[in-house]
Amino acid sequence: MKILQNEKYIGDALLQKTVTVGFLTKKRVKNEGHLPQYYVENSHEAIIPKELFLQVQEEIHRRSNIHTGEGKNKRIYSSKYALSAITFCGDCGDIYRRTYWNIHGRKEFVWRCVTRIEQGPEVCKNRTVKEDELYGAVMTAINKLLAGGNNMIKTLEENIHAVIGETTEYQISEINNLLEEKQKDLIKLANKSQDYEHLADEIDELRDKRQTLLVEDASLSCENERIDELIEFIRKNKFRTLEYDDKLVRKIIQRVTVYEEHFVIAFKSGIEMEI
Ligand SMILES: [Zn+2]
């Protein structure tokens, strides 16, 4: 996390991140307000492109929003099976976990709501799904998508967002101009040993605003990329019937929700299907 969130990798630097506190011991600690911090943009060449850095920030944000039953935040975003992290209970919202039943000494793989496993049917009654049925539902959705052929491609193309709209671009350049001015003013005040706290606050606010705009934009570009991938996939496979494949599912499926009588399969493109 330290590396992923360190702005030095995109060529910006936060000065005074650590300060020496013990004069004799030369002990350095994280600067938590002992000294003013000053954030310098483009202070050296970027190691990681800004866009990639922002995509990572977006992914960190997405993962921090994944919660499972009882406020627990489990490590469910990377997993052995493609469906482990993305199959949810339509009843209580918890995740579905792969487990097995022993039937006459033979293992049968099934998927069950974690709340139901851990707290019993009084808390969540949602059903146990046989693995074959779950995989079948996902493949029915994928094959329906392929059967949609060119019409499906057209629908997807309509979902592609305009990225860095003129307004966003304009807003960002306005903020950049303001920032440049305010940073100059701040240095002037600092050199005259005058109080510059209010200016530093304004600068922080402007940066937050710009960061929000950039992250929104990066997230739209990511979505577009996923839509493009799905279009490409349909073009290559239209009218074919595919078999279950973990790799394929990881690539194009966003989320599966289990209900009493049906499944909802969401693709990484905004398209949802009831199966
Ligand atoms: Zn449940």
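In this predicted model, strands β6 and β7 form a hairpin with two residues between them, and H104, which lies in the turn, has a positive phi of about 50 degrees. Strand β6 covers residues 96–103 and pairs with β7 in the antiparallel sense over eight bridges; within this pairing, N102 has K107 of β7 as its bridge partner. Strand β7 is also joined to strand β8 (residues 129–130), with which it runs antiparallel, through two bridges.

Strands β10 and β11 pair in the antiparallel sense over three bridges, and A266 has E272 of β11 as its bridge partner.

The C-alpha atom of G136 is separated by 8.9 Å from that of E243, although the two residues are 107 residues apart along the chain.

The largest nonpolar core comprises 27 residues, of which Y96, L134, V138, L230, V256 and V258 touch the most other members. At least two residues of this core are supplied by each of β7 (106–113), α3 (131–147), α6, β9 (253–258) and β10 (263–267), with the largest share, six residues, coming from α3. In soluble globular proteins, nonpolar side chains tend to be buried together. When residues up to four places away in sequence are not counted, V258 touches T87, C89, G90, Y96, N126, V129 and F263.

Helix α6, which spans residues 197–237 and has 41 residues, reaches 60 Å from its first C-alpha to its last, close to the 60 Å expected at 1.5 Å a residue. The buried residues of α6 are A218, I227, L230 and I234, and L230 is also among the core residues that touch the most other members. Just after α6, F239 takes a positive phi of about 70 degrees.

Taken over the chain, the model contains seven helices and 11 strands, and 13% of the 275 residues count as buried. Among contacts between residues at least 6 apart in sequence, 54% join residues at least 24 apart. The average pLDDT of the chain is 82, and 80% of the residues score at least 70. Over residues 69–73, however, the pLDDT is below 50, and this stretch has six contacts in the model beyond near neighbours in sequence. Where pLDDT is low, the predicted coordinates should not be read in detail.

Terms used: Residues are numbered from 1 along each chain as its sequence is written. Helices (H or I, at least four residues) and strands (E, at least two) are DSSP runs, numbered from the N terminus. The expected span of a helix is 1.5 Å times one less than its number of residues. A residue is buried if 20 or more other C-beta atoms lie within 10 Å of its own, exposed if 12 or fewer, and partly exposed in between; C-beta atoms are placed from the backbone. A nonpolar core is a set of buried Ala, Val, Leu, Ile, Met, Phe, Trp, Tyr and Cys residues joined through C-beta atoms within 7 Å. Two residues are in contact if their C-beta atoms, placed from the backbone, lie within 7 Å. pLDDT is the predictor's confidence in each residue, from 0 to 100. Two strands pair if DSSP finds at least two bridges between them.
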